[in-house]
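Hello,

Here is the structure I promised to pass on. Please open it first, then read my notes below.

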Amino acid sequence: MPSRRSPTRSLPFLPLLLGAALSFADVLTAPPARAQDAPSAERWAAIEAEARGQTVYWNAWGGDATINRYIDWVAERVDERFDVEVVHVKVDDAAAAVSRVIAEKSAGNVDDGAIDLVWINGENFAAMKRHELLYGPFASLLPNFELTTPAANPEVVTDFTLPTEGYESPWGKAQLTFYVDAERVQAPPGSMAALLDWARAHPGRFTYPLVPDFLGTTFLKQGLIALTEDPSVLAEPASAHDVAAVTAPLWDFLDALHPHLWREGRDFPSGGPELKRLMGDGELSLAFTFNPSEPAAAVAAHRLPPSTRSYVLDGGTLGNVHFVAIPFNAAHKAGAMVLANFLLSPEAQARKQDIAVWGDPTVLDMDALTPEQRAAFDVDDASPARLPPEALGRLLPEPHPSWMEALEAGWLARYGDG
């Protein structure tokens, strides 16, 4: 692991900081009420000053080259503007980061953790919150957080039904989006039941990623919402219900579907990138992603055919917000907050949403931006592969995180290699 730069090297404005009424240590240790009462400009100036010279180790999924390039761009800007080095620690699953922090806590490491920021949501956030592994609340300390207008947009302060309570900062949105090669598929299936019929009529032309890959698990959750008798129970902990009874329709569906999948359901793609490659190679005619802009971005990059079209199921599809969080024992909390704040800047959010860069939807409220800031988000793209804006309104809420754990365990018991 690269060496951290010293967070205590001399700063040209150190005398000013020493004379400030509110120090960075005050910000980190004060109760939330005191932190809120402090003047925001003074509070944030202390955080930015402490962050200078720090190296932030950001544990984030590294499975997509497009996302990795965006994170590289973020790292360059944060280093140039704030003198904070960002190291992208590529992980296959955020659960590995959670396990690392749990191990550090068990070993008594309470102030020199290896992870400064982590890209998480769902069951990983729930696990970190349950084990008291999170620093905060910090989100309200970020000047750009108010641009999300949380009072009017509860999804930026709710993670898989759980209130974030300031222990996470949002930085992107996702919605399950299906896409087809329109030259091969004239009438794409509009429901999970119709998908089974379509797969029977077109064997080998559809599949889903190997569980517990997050996109594979997302497909299971979509199926559970669509097929279970009473979807409202999914907002509650799985332990409060008969899991076998609630999930039985899903397993019946998959039992019927698997023989008609790519490679007859004996093998599964490793994740979204491989699923997209199979579409690009013509092995599949129907696939899905959790990024509504990804099909259009892939067409623009010549990774999918121009005949690609995007859509959501008739009753809507699963959607959520993804967040970043700071472990309780992060060694460089100030630098992590500076990075989290930059991720919420109009500049970073507009670039992230550009399909030529990534295409990940913004979490900012356009009404909270200036006309000049909003202009950066204007879409001058008539790509027929882009999901129509009105389709994004048909969003289904995530189940309680415990259902994800139950689904993954059930899937592996039935279809895993043992």
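Q222 is buried: its relative accessible area is 2%, and the cut-off for buried is under 20%. Bear in mind that this is a predicted model. Q222 sits in helix α9. Which residues does Q222 contact, leaving aside its neighbours within four places in sequence? They are L176, M192, L313, G316, T317, L318 and L396.

Now to what α9 packs against. α9 and α16 meet at an angle of about 105 degrees. Their axes are 10 Å apart. Angles of 65 to 115 degrees count as roughly perpendicular, so α9 and α16 are roughly perpendicular to each other. From α9, the residues in this contact are T217, L220, K221 and L224. From α16 come W403, M404, L407, E408 and W411. By type, the residues of this contact divide into 6 nonpolar, 1 polar and 2 charged.

α8 and α10 pack at an angle of about 15 degrees, and their axes are 10 Å apart. Angles under 35 degrees count as roughly parallel, so that is the label for α8 and α10. The crossing of α8 past α10 is left-handed. On the α8 side, M192, L196, A199 and R200 take part. They meet F253, A256 and L257 of α10. This contact has 6 nonpolar residues, no polar ones and 1 charged.

Next, the core. In soluble globular proteins, nonpolar side chains tend to be buried together. Here the largest nonpolar core has 54 residues. Those with the most contacts inside this core are F206, Y208, F219, L254, L257, F288 and W411. Which elements give two or more residues to this core? The helices are α8 (192-201), α9 (214-227), α10 (243-257), α11 (272-280), α12 (294-300) and α16 (401-415). The strands are β7 (177-181) and β8 (286-289). α10 gives the largest share, 6 residues.

Leaving aside its neighbours within four places in sequence, Y208 is in contact with G216, F219, L220, L254, H258, L261, F268, P269, F288 and W411.

Best wishes

Key: Residues numbered from 1 in each chain as written. Predicted model: local features only at pLDDT ≥ 70, side-chain atom pairs only at ≥ 80, totals over all residues. Heavy atoms only, no water. Core = buried A, V, L, I, M, F, W, Y, C linked by side-chain atoms within 4.5 Å. Buried < 20%, exposed > 50% of the residue type's maximum accessible area, 1.4 Å probe, protein only. Helix = DSSP H or I, 4+ residues; strand = E, 2+ residues; numbered from the N terminus. Contact = heavy atoms within 4.5 Å. Axes fitted to C-alpha atoms, helices over the stretch in contact; angles between N-to-C directions. Parallel < 35°, antiparallel > 145°, perpendicular 65-115°, else oblique. Left-handed = near helix turned anticlockwise from the far one by under 90°. Nonpolar A, V, L, I, M, F, W, Y, C, P; charged D, E, K, R; others polar.
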